[in-house]
Amino acid sequence: MKKILFALLGVCSMVSVATAQKKSSGAIQFEVTVDPAAMAAASGFQLTDQMKARMPSSSKSNFELLFTATNASYMPVEEIEDSNGAGGGGGGAGRMMMRFGGAGGNREYYYVFADKSLTEVFDLNDTTYFMPSKLTLSTAGPVTSFRMGGGAPGDTTKPKPVAPPKIEIVKTDSTRQIIGFTCHQVIVKSTRSIKLLDIDREVTEETRIWYTNDLGFNFSPNPNMWTEGAVLAIEGRGNRSIATSIDYRGVSAKDVTAPKKAKPITQEEYQTKMENMMKRMRQNRPRGNFGGGRVMIMGQ
C-alpha cells in the first residue's frame, strides 16, 4: 500500500511540475483601439465637424505578447495562413512582424524580466534601430507633446521644451477579470499646461491601468505606462489596449530576443532626430495652410 501511495504522489508531483512548466511560456493576444478625434477632444481641444471629417477614423489593430520564463516580445501581428502548421501550436496562424517607416512606425518591444529592461526596435528613414529602455511610469505622461496653432509658417526655430506634467497615481479597490486573471486598477492622473490656439490651458488626463501579479512577470503594452505586475489593459483618452486571449505553449528563445542586426540609438539621439524631422516639416510647410500650421505629436 505504501508503495502504491508513493507512486501516486510521484505521478502527481510530475504532473504538477509539467503543468507549471507548460504555463511558463505562451502567447497573449491584445487588441488596440485608437480614435484620434476622441484623443484630441479629451486633451481639451474643441473640434469642429470639418476638423473631425479631416481626421482619420478610429482603428483597431492586433498585437501579440510571446513570453517565456525569462523574456518576452510584443509587436503588431497579422494572422497568415500556414499550410505547414508552423507557429508553435498557434492553430495554423503564423506571426508576421509589421514594421513601418516614417517617424518611428510600429515598434517591437523585447523584455527581460530579471531587471525590467527592454529594447525598442523600430525603423526610421530606412534604418532599423534598437533603443534600450525600461518599464516605467513616464513623467512625460500619456502625451509627449501637444501644440496646436501659433507659429508663423516660416518659423524654423526650435520649439520650446514642454514642461513635464504633474503625475498622480491613485490605487483603487476595483478589480476585473481579464482573460481569466484578477486585475487591479491604478488610475494615472496627468495634469499639464498646454497651448491651444495661442491660449494657455491646464488639461488633466486620466489613464486606467489594469494589472495582475498572477502571471509572475512584469510587462506593459505601453512601457511608459507601468506601475507593477503584468498590465493586461490600458484605457486612456481615445485609445485602449486590452488582452483578449492567452494560449500556453512552447516559445522559442529567438522569438523573444531582440535582433542583433540593428543600429543602436540612445533616447537623446532619438529625440534629436525627431526634433530635426519636425524642423524640416516646418520649413517645408506651405504658407496659408489650413489652421495656420498645426503640429501634433502623440506619445505611445
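Predicted model: local features only at pLDDT ≥ 70, side-chain atom pairs only at ≥ 80, totals over all residues.
Biologist: Which residue does the side chain of Arg176 meet in a salt bridge?

Modeller: Look for a Lys or Arg nitrogen within 4 Å of an Asp or Glu carboxyl oxygen. The partner of Arg176 is Glu235, at 3.0 Å from N to O. Arg176 belongs to strand 10 (residues 166-178) and Glu235 to strand 13, so the pair ties together parts that lie 59 residues apart in sequence. Glu235 is also partly exposed, because its relative accessible area is 22%.

Biologist: What does the side chain of Arg237 meet in a salt bridge?

Modeller: Arg237 meets Glu205, with 3.1 Å between N and O. This pair, too, links distant parts of the chain. Glu205 sits in strand 12 (residues 199-212). Arg237 sits in the loop between strand 13 and strand 14 (239-248), 32 residues apart from Glu205.

Biologist: Are Glu205 and Arg237 buried or exposed?

Modeller: Apply the under 20% cut-off again. Glu205 has 4% relative accessibility, so it counts as buried. Arg237 is buried as well, because its relative accessible area is 9%.

Biologist: Which residue forms a salt bridge with Arg249?

Modeller: Asp247 does, and the closest N and O atoms are 2.9 Å apart. Here the two partners fall in separate classes. Arg249 is buried at 15%. Asp247 is partly exposed at 29%.

Biologist: Which residues are linked with Arg249 in a network of salt bridges?

Modeller: Trace the links from one residue to the next. Glu64 and Asp247 are in the network with Arg249.

Biologist: How many salt bridges are there by this rule?

Modeller: The count is nine. The pairs above are among them.

Biologist: What average pLDDT does the protein have?

Modeller: Read pLDDT as the predictor's confidence, residue by residue. The protein averages 76, and 66% of the residues score at least 70.

Biologist: Which elements have the highest and the lowest mean pLDDT?

Modeller: Strand 13 (residues 230-235) has the highest, at 97. Strand 16 (residues 295-297) has the lowest, at 37.

Biologist: Where does pLDDT stay under 50?

Modeller: One such stretch is residues 80-105. The model gives this stretch 58 contacts beyond four places in sequence. Residues 141-153 are also below 50, with 54 contacts in the model beyond near neighbours in sequence.

Terms used
Residues numbered from 1 in each chain as written. Heavy atoms only, no water. pLDDT = per-residue confidence, 0-100. Helix = DSSP H or I, 4+ residues; strand = E, 2+ residues; numbered from the N terminus. Contact = heavy atoms within 4.5 Å. Buried < 20%, exposed > 50% of the residue type's maximum accessible area, 1.4 Å probe, protein only.
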